[in-house]
Amino acid sequence: MPSVTLSVNEKKELRFPGLGTAGYRWKCNLDDETKVKVERQLDDKPMKQNTVGASNDEIFTLTALKKGTVHATFLQYRNWEPESSAIKKMGYTIEIF
């Protein structure tokens with residue numbers, strides 16, 4: 001499982017490949033929402049390829065709020081389907097000092 005190390009008030013971006021044109025979005029589940037703030041946005045830079053069906057990446061900004069360890073699970077799934085149907089799943093350990 002990848003890890004991210006932050007100090008309090010530090011921010012870090014995590015980038016995930018998008019599949020928005022197929023209805024898939026990334027979601028972040030935290031085991032402790034009091035230690036990390038998570039904000040999601042689509043990459044607004046123009047894509048290099050002008051390919052039908054291409055999707056922008058999704059960017060999650062993590063902001064450390066207080067010291068401790070948080071486990072984050074990122075899931076890529078269609079929001080009208082259950083999370084268990086996710087086509088990709090990434091786990092991260094976030095250490096805050």
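Reply: A residue is buried when its relative accessible area is under 20%. The model under discussion is predicted. By that cut-off, both Phe-74 and Tyr-92 are buried.

Me: What is the relative accessible area of Phe-60, and how is the residue classed?

Reply: The class buried requires a value under 20%. Phe-60 is buried, and its relative accessible area is 2%.

Me: How many aromatic pairs does the structure hold, and what is the angle between the planes of Phe-60 and Phe-74?

Reply: The structure holds six aromatic pairs. In one of them, Phe-60 and Phe-74 lie 5.1 Å apart, centre to centre. Planes over 60 degrees apart count as edge-to-face, and this pair is edge-to-face with an angle of 75°.

Me: Why does the pair of Phe-60 and Phe-74 tie together separate parts of the sequence, and how many residues apart are they?

Reply: Phe-60 belongs to strand S5 (residues 58–64), whereas Phe-74 belongs to strand S6 (residues 68–78). The pair therefore ties together parts whose separation in sequence is 14 residues.

Me: Which strand holds Tyr-92, the partner of Phe-74?

Reply: Phe-74 and Tyr-92 form an edge-to-face pair, with 5.6 Å centre to centre and 85° between the planes. The pair links distant parts of the chain, 18 residues apart. Phe-74 is in strand S6, and Tyr-92 is in strand S7 (residues 88–96).

Me: Which strands are the edge strands of the open sheet?

Reply: Three strands form this sheet in the order S2-S5-S4, with antiparallel pairing. An edge strand here pairs on one side only. The edge strands are S2 (11–16) and S4 (36–42).

Note on methods:
Residues numbered from 1 in each chain as written. Predicted model: local features only at pLDDT ≥ 70, side-chain atom pairs only at ≥ 80, totals over all residues. Heavy atoms only, no water. Phe/Tyr/Trp six-rings, centres within 6.5 Å; stacked < 30°, edge-to-face > 60°. Helix = DSSP H or I, 4+ residues; strand = E, 2+ residues; numbered from the N terminus. Buried < 20%, exposed > 50% of the residue type's maximum accessible area, 1.4 Å probe, protein only. Pairing = 2+ DSSP bridges.
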